[in-house]
Amino acid sequence: FSDVPSMCRKLEDLSVDEFMLSGFDSGEEDDCEDEESTQQKGKMKKPAPQKTSVKKQGKASEHKDHLSALKSKDPEFYEFLQENDQKLLNFDDSDSLEDEEEDEEERMYHRLPSQLEEADDDNDEVETGKKDLKKPKEGTKVTEAMIENWRTGLRKEPTAKLIRDITQAFKAAVATTKGDSEELCRYTISDSAVFNSLILFCIKDMHAALNKMLKLKDPEKGQKKLILPSSSPRWQKNQIDIKMYIAGVVQLLSSLTQSTVVAAVLRHANQMVPYYLCLPKQCRHFLKSLIKHWSTGEETVRVLAFLALNKICRNKQDIYLNPVLRQMYIAYVKNCKFTSPNTLPMINFMQRTLAEMYSLDTQVSYQHAFIYIRQLAIHLRNAMNLKKKETYQSVYNWQYMHCLYLWCRVLSTIYPSEVLEPLIYPLCQVIIGCIKLVPISRYYPLRLHCVRAIILLSANTKTYVPALPFLLEILQQEDFNKKPGRMSIKPINFAVILKLSKTNLQEKAYKDGLVEQLYDLILEYFHTQACSIGFPELALPTIVQLKAFLKECKVANYCKQMRQLLEKIQENCSYITGRRQKAAFGVGDVTAVAAWEKQVAEEGTPLTKYYSQWKKLREKEIQLEISGKERMEDLNLPEIKRKKAEEKKADKKEFKGLFESDSDDDDDDDDDLFKSKGKHAIYLFPIFVIVSDGDQKKPSSSKGKAPKKMLSTELKEVADGDEDMVEDLELSDQD
């Protein structure tokens, strides 16, 4: 250690290049190299020749040299190592050869060139062009014969290699639908017939072949729990191929457009649900595709997508139910923004199926219902406080209305449920607040929709909700005696409108449809309460209002409908009153009252019997309204087609000789009649004049031509004329 200061002083005198070239073995070597470096400085020589002349040694041999130098420099320390660590001195230097080989490799791959090459742009462009021209090897072309061989192989004994080949071919087919021509595939599909054959083959045979290869047992009859393929000992070996296949099925669903093909693939995907349950990532993609088809597809596609969604959520409720319900609700709201006769059946389908999904778990359903009903209430509160057009529109729209319908149906479907029952009252308050927000005649259709939602909720949850005042209020506010300002051809379809225009309010069809809607809803509400023991007291205000309406109204059609409704309500009141008089229990006996109402419901009341008959006829009319057909089409009334002006002129020319005369006999009254009325005689009905022989006058001796005599049969034929053209008659409301 005495040489350390001198070594530091020598290092201070070295330049960077000299330091990097110098060795660190011993002080003597440092001295030699220092002298050499000073000589190199003076002579300005390059260090490269010295480096090449140095003899390279392995790491083990270098270490041995260090130890031998230590013996001469520090003999005491060397003796200490001999006594305590003999292995360190007598180590094997067999790795020197390997180190030399590694150094040779490093020199080969990492040695810097002596001269830098200049860049040549032309050569680079040629090389890049060659690289771009290099294409991946084209895969094997799939043919009908190959598909037939795969089919026979699957039916005999499906093997892992065969499944892998079919999966690769299916992957290539899916890639053609996405337009991914650059995607590397073992096979290629170039013919549409081959594509169809391959897809059809996979849809028909792959599910059974996979089950056979994994040795899965068929589920027994009545067994609800699915047998998962992951329980098979062969699952791990074939998992990659199965994953590729079911991922391809999802991609195929997203790229297809024809509804029949989508329905066929969905049927196959429904069979493959157990495989999706074993692969979470693919299952999430599959659920996303199913929700899209459930909310936007054709009727059959929607049903198949719902069945697959229901199947997955029933078997993995804890994992998938909550996110699936949230995504289905969002899709429902997005797709009910516009309501028309064509979209209304699809919206009703989504309502019913989503309500069935919510019935799978009441705890999860309560969380969703609470959040979304509260959201509806917040929109209503903002509209009531701000009283602006924008806030009104946030409530008075189809999305808001269909959400109210949905939650009424959900609570009705899941009833009785102690978990969801507390939500009935806030939902009713939101609906009533929606009715009272803008209580004007232009929003009567929206009010009728709200009342219909209340009736649905009240009937299925056995909860009394006062909906009649909102209907009877219309009878008081509207003047039905006022003559309409406009005549309308088509009736107003209240099922697909929320707001009436100013021109609608002036039409006769508006009042006709309004009376019809009031009749339907009052009858429907009383049908839900027809077996109640308090029906006479419930119906009393309505009876009073209807009698007052009949006194004031002068329109016969309106009075006829309301009088019929009044008679049915009074008849049911009399029936319930008569049954109550025979009862032997008190009003406070709740169990006895419930048993009495149940017995009355089983036997039926006059109102329930009438309602069942009326409902069948009304449903047919509603179907016609939804389909956009007019009710007049079923009447098959004839229509008289008027002739055009040109045809009239031709007829006049044809019958000109018949009705005009040149006779100057002033005494001939018949001739004078035809002369004065000749222009209009074509429109008269045939008139037959019976003349006796004594009254006949002789022809005058004037030079004018006498009219040509015609027989009665000829006159009849001419009067009958051509056959009338008969078509359907379009009558206006006034006619």
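A residue counts as buried when its relative accessible area is under 20%. The exercises below use this cut-off on a predicted model.

**Exercise 1. Serine 295**

Determine whether serine 295 is buried or exposed, and list its contacts beyond the neighbours within four places in sequence.

Solution. 
- Step 1: Locate the residue. Serine 295 belongs to helix 16 (residues 280-296).
- Step 2: Apply the cut-off. The relative accessible area of serine 295 is 5%, so the residue is buried.
- Step 3: List the contacts. With neighbours within four places in sequence set aside, serine 295 touches Arg302, Ala331, Asn335 and Met350.
- Step 4: Take one of these partners. From serine 295 to alanine 331 the C-alpha to C-alpha distance is 6.2 Å, while the two are 36 residues apart in sequence.

**Exercise 2. Tyrosine 329 and tryptophan 407**

Classify the aromatic pair formed by tyrosine 329 and tryptophan 407, and state which helices the pair ties together.

Solution. 
- Step 1: An aromatic pair is described by the distance between ring centres and the angle between ring planes.
- Step 2: Read the values. The centres of tyrosine 329 and tryptophan 407 are 5.5 Å apart and the planes make 35°.
- Step 3: Classify. Planes under 30 degrees apart would be stacked and over 60 edge-to-face; the pair of tyrosine 329 and tryptophan 407 is tilted.
- Step 4: Tyrosine 329 is in helix 18 (residues 317-334) and tryptophan 407 in helix 22 (residues 398-414), so the pair links parts 78 residues apart in sequence.
- Step 5: Check burial. Tyrosine 329 is buried at 5% relative accessible area, and tryptophan 407 is buried at 0%.
- Step 6: Widen the view. Tyr329 and Trp407 form one aromatic cluster together with Tyr358 and Tyr372. The whole structure holds 15 aromatic pairs.

**Exercise 3. Helix 11**

Solution. 
- Step 1: Identify the cover. Buried residues of helix 11 include Leu162, Ile166 and Phe170; among the elements covering the buried residues are helix 10 (144-156) and helix 13 (235-255).
- Step 2: The crossing of helix 11 past helix 13 is left-handed.
- Step 3: Name the contact residues. They include Ile163, Thr167 and Val174 of helix 11, and Met244, Tyr245 and Leu252 of helix 13.

How values were computed:
Residues are numbered from 1 along each chain as its sequence is written. This is a predicted model: local features need pLDDT of at least 70, side-chain atom pairs count only at pLDDT 80 or more; totals for chains, interfaces and linings use all residues. Side-chain values use heavy atoms; hydrogens and water are left out. Rings of Phe, Tyr and Trp (its six-membered ring) pair if their centres lie within 6.5 Å; planes under 30 degrees apart count as stacked, over 60 as edge-to-face and the rest as tilted. Helices (H or I, at least four residues) and strands (E, at least two) are DSSP runs, numbered from the N terminus. Buried means under 20% relative accessible area, exposed over 50%, partly exposed in between (1.4 Å probe, protein chains only). Contact means heavy atoms within 4.5 Å. A crossing is left-handed if the near helix is turned anticlockwise from the far one by less than a right angle, and right-handed if clockwise.
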